[in-house]
Amino acid sequence: MANHKSALKRIRSNESKRLVNKYKHKTTRNAIKKLRDTTDKKQAQELFVDVSSMIDKLAKKNIIHANKAANLKSGLAMHIASL
């Protein structure tokens, strides 16, 4: 158990931030899966704009590593080009 008031507050804030990060990460993963399942190139290109934005936001907030974000976007771009 925490000994200081500030430590108790840190525990509370960490839990709420963890839940928000978990939600954003899961939402992005679902969007990536939806994009990968798409067979229409035009629709995939429209989805790619939104998904790449979501990935950039995760990387900016250090929810995922910047290199992972770049690898994801590169793989999705290659997937769209192969459609």
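1. Fold pattern. Along the sequence, this protein reads α-α-α, with 3 helices and 0 strands. Helices here are DSSP runs of H or I with at least four residues, strands are E runs of at least two, and the numbering starts from the N terminus. With a radius of gyration of 17 Å, well over the 12 Å that the globule rule gives for 83 residues, the protein is more spread out than a compact globule. (That radius is taken over C-alpha atoms, and the rule is 2.2 Å times the number of residues to the power 0.38.) The C-alpha trace spans about 60 × 20 × 15 Å along its principal axes.

2. Before you read on. You're looking at a predicted model, where local features need pLDDT of at least 70 and side-chain atom pairs count only at pLDDT 80 or more, while totals for chains, interfaces and linings use all residues. Residues are numbered from 1 along each chain as its sequence is written, and side-chain values use heavy atoms, with hydrogens and water left out.

3. Surface and burial. The accessible surface comes to about 6,400 Å², and 54% of that belongs to carbon and sulfur atoms. Areas come from the Shrake-Rupley method with a 1.4 Å probe, and for residues only the protein chains shown count as cover. Of the 83 residues, 20% count as buried. Buried means under 20% relative accessible area, exposed means over 50%, and partly exposed is in between (1.4 Å probe, protein chains only).

4. Helix α1. This helix covers 5-37 and has 33 residues, reaching 49 Å from its first C-alpha to its last, close to the 48 Å expected at 1.5 Å a residue. The expected span is 1.5 Å times one less than the number of residues. T28, A31, I32 and L35 are buried in α1, and their cover includes α2 and α3. A7 also sits in α1, but A7 is partly exposed, at 27% relative accessible area.

5. Helix α2. Here we have 20 residues and a reach of 28 Å from first C-alpha to last, close to the expected 28 Å. Look for a kink of about 25 degrees centred on F48; the bend at a residue is the angle between axes fitted to the seven residues ending there and the seven starting there. The buried residues of α2 are A44, L47, V51, S52, I55, L58 and A59, and what covers them includes α1 and α3.

6. From S52 to V20 is 32 residues in sequence and 19 Å in space, C-alpha to C-alpha.

7. The core. In soluble globular proteins, nonpolar side chains tend to be buried together. The largest nonpolar core in this model has 14 residues, and I32, L35, V51, I55, I64 and L76 touch the most other members. Such a core is a set of buried Ala, Val, Leu, Ile, Met, Phe, Trp, Tyr and Cys residues joined through side-chain atoms within 4.5 Å. The elements giving two or more residues to this core are α1, α2 and α3, and α2 supplies the largest share, 6 residues.

8. Contacts. Contact means heavy atoms within 4.5 Å. Setting aside neighbours within four places in sequence, I64 is in contact with H25, I55, L58, A59, A69 and L72. For the protein as a whole, 55% of the contacts between residues at least 6 apart in sequence join residues at least 24 apart.

9. N62 is in the loop between α2 (41-60) and α3 (66-81). N62 has a positive phi of about 60 degrees although it is not a glycine. At 67% relative accessibility, N62 counts as exposed.
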